[in-house]
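Please read it alongside the sequence and the coordinates shown below.

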Amino acid sequence: TYSYVASKAGLIHLTRRMAKRLAPEHIHVNGIAPGAFASDMNTFARDKPDTVRSIVPSGRLGRPEDMAGTAVYMCSRAGDYLVGITLAVDGGVAYAR
């Protein structure tokens, strides 16, 4: 997982730097960091959903509409003042440990 953590940190920092550079041109650069969503990338959540649910403070896996809603928010007028942030869409996992 070391390479995954390092690359994720790099992408978060790149998001911030690109946001700073492009904000004056009215280009908003932000990111979404998904948590436990059942997928081919997250096979643990896909194959052992009950185990994963017990770890997630919200008590459930992410749903497609969770990601869609976040993307719509970030791209709408409601998210117009977001610059260089990465939203964790993870049911509270990032703050549960």
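D40, R46 and D47 are joined in a network of salt bridges. The structure as a whole, which is a predicted model, holds six salt bridges.

**Charged side chains**

- The chain carries 12 positive and 8 negative side chains, and 7 Å separates the centres of the two sets.
- Side chains of opposite charge can pair when their charged atoms come close.
- R53 and D50 form a salt bridge, with an N to O distance of 2.4 Å.
- Helix α3 spans residues 49-55, and because R53 and D50 are three residues apart in this helix, about one helical turn separates them.
- R60 pairs with D66 in a salt bridge whose closest N and O atoms are 2.8 Å apart.
- R60 has a relative accessible area of 29% and is therefore partly exposed.
- A further salt bridge links the side chains of R77 and D80, at 3.6 Å from N to O.
- R77 counts as exposed, with 72% relative accessibility, while D80 is partly exposed, with a relative accessible area of 37%.

**Overall fold**

- The secondary structure consists of four helices and two strands.
- Read from the N terminus, the order of the elements is α-β-α-α-α-β.
- Along the principal axes, the C-alpha atoms of the chain fill a box of roughly 45 × 30 × 25 Å.
- The chain has 97 residues, of which 21% count as buried.
- Its accessible surface comes to about 7,000 Å², and carbon and sulfur atoms contribute 60% of that area.
- Among contacts in the chain with a separation of 6 or more, 60% involve residues 24 or more positions apart.

**T15 in helix α1**

- T15 is located in helix α1, which covers residues 2-22.
- Its relative accessibility is 13%, so T15 counts as buried, the cut-off being under 20%.
- A polar atom of the T15 side chain lies 2.8 Å from the backbone oxygen of L11.
- When neighbours within four places in sequence are left aside, T15 is in contact with V29, N30 and G31, and also with G84, I85 and T86.

- G84 belongs to the loop between α4 (64-75) and β2 (86-89).
- Is G84 buried or exposed? At 13% relative accessibility, G84 counts as buried.
- Which residues does G84 contact, leaving aside its neighbours within four places in sequence? The contacts are with T15, R16, A19, V29 and N30.
- Although G84 and A19 are 65 residues apart along the chain, their C-alpha atoms are separated by 4.8 Å.

Terms used: Residues numbered from 1 in each chain as written. Predicted model: local features only at pLDDT ≥ 70, side-chain atom pairs only at ≥ 80, totals over all residues. Heavy atoms only, no water. Buried < 20%, exposed > 50% of the residue type's maximum accessible area, 1.4 Å probe, protein only. Contact = heavy atoms within 4.5 Å. Areas by Shrake-Rupley, 256 points an atom, 1.4 Å probe, with all protein chains shown as cover. Lys, Arg positive; Asp, Glu negative; His and termini not counted. Charge placed at Lys NZ, Arg CZ, Asp CG, Glu CD. Polar contact = N/O pair within 3.5 Å; in protein donor to acceptor, adjacent residues only side chain to side chain. Salt bridge = Lys/Arg side-chain N within 4 Å of Asp/Glu carboxyl O.
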